[in-house]
Amino acid sequence: MASAETHYTLPLPTFDQPVKLLIVVAPYYKDITDNMVAGARAIAASCGADVDLIEVPGALEVPTAIAMAERQAKYDGYVALGCVMRGETTHYDTVCNDSSRAISLLGLQGACIGNGILTVENRAQAEVRADPAGQNKGGGAAAAALHLIAISRKWAGQTTGIGFRA
């Protein structure tokens, strides 16, 4: 059973300069996402990050809001939160695949995003994953964003030449 598995978790990064995170949450299952937000806020606070939060209607709108913020605002990174539970139609597959793909594409373009959109079969799975005292997937998404910010800052300004290698 996956919940009995142990895994390695990277230590949280430290920062010399302030970090500003935007949590973008789709509160369709508000009790679940409230737990995820609490976990994300706690991890961000432990690294001294300043956090803003916005809500969007659903998981498909999360990457759109992140893309808008990336273009129009000043954030170092983003935490994508939501919960998609399997239903009776294929809409679940569309929402899971398309939101994940869009977040990945934004990341490949340089946005530092922790993807905490849960894709689960049922409420019980979501509750365990969202619980800050349980699997804390909201906290994990914040940690992922913070790690990417640390890597981005480490490599910032290290370009040489105009794209040619020596």
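In what follows, axes are lines fitted to C-alpha atoms, for helices over the stretch in contact, and angles run from 0 to 180 degrees between N-to-C directions. Helices (H or I, at least four residues) and strands (E, at least two) are DSSP runs, numbered from the N terminus.

Good morning. The structure above is a predicted model, in which local features need pLDDT of at least 70 and side-chain atom pairs count only at pLDDT 80 or more, while totals for chains, interfaces and linings use all residues. Residues are numbered from 1 along each chain as its sequence is written, and side-chain values use heavy atoms, with hydrogens and water left out.

I begin with helix packing. Two packed helices are described by the angle between their axes and the distance between the axes. For helix H1 (residues 30-46) and helix H5 (residues 137-155), the axes cross at roughly 40° and come within 6 Å. H1 is therefore oblique to H5; angles under 35 degrees count as roughly parallel, over 145 as roughly antiparallel, 65 to 115 as roughly perpendicular and the rest as oblique. The crossing is right-handed, that is, the near helix is turned clockwise from the far one by less than a right angle. In H1, Met36, Gly39, Ala40, Ile43 and Ala44 meet Gly138, Gly139, Ala142, Ala143 and Leu146 of H5, contact meaning heavy atoms within 4.5 Å.

The second pair is helix H2 (residues 61-72) and helix H3 (residues 91-108), whose axes come within 8 Å and cross at roughly 20°. These two helices are therefore roughly parallel to each other. On the H2 side the contact involves Val62, Pro63, Ile66 and Ala67, and on the H3 side Ser99, Ala102, Ile103 and Leu106.

I turn to the interior. A nonpolar core is a set of buried Ala, Val, Leu, Ile, Met, Phe, Trp, Tyr and Cys residues joined through side-chain atoms within 4.5 Å; buried means under 20% relative accessible area, exposed over 50%, partly exposed in between (1.4 Å probe, protein chains only). The largest such core has 29 residues, and Leu146 is one of those with the most contacts inside it. Beyond its neighbours within four places in sequence, Leu146 is in contact with residues including Phe15, Leu21, Ile43 and Ala44. A second, separate core of 21 residues includes Leu22, Ala59, Val84 and Val95.

Finally, is Tyr78 buried or exposed? Tyr78, in strand E3, has 0% relative accessibility and so counts as buried. Outside four places in sequence, its contacts include Leu21, Leu22, Ile66 and Ala145.
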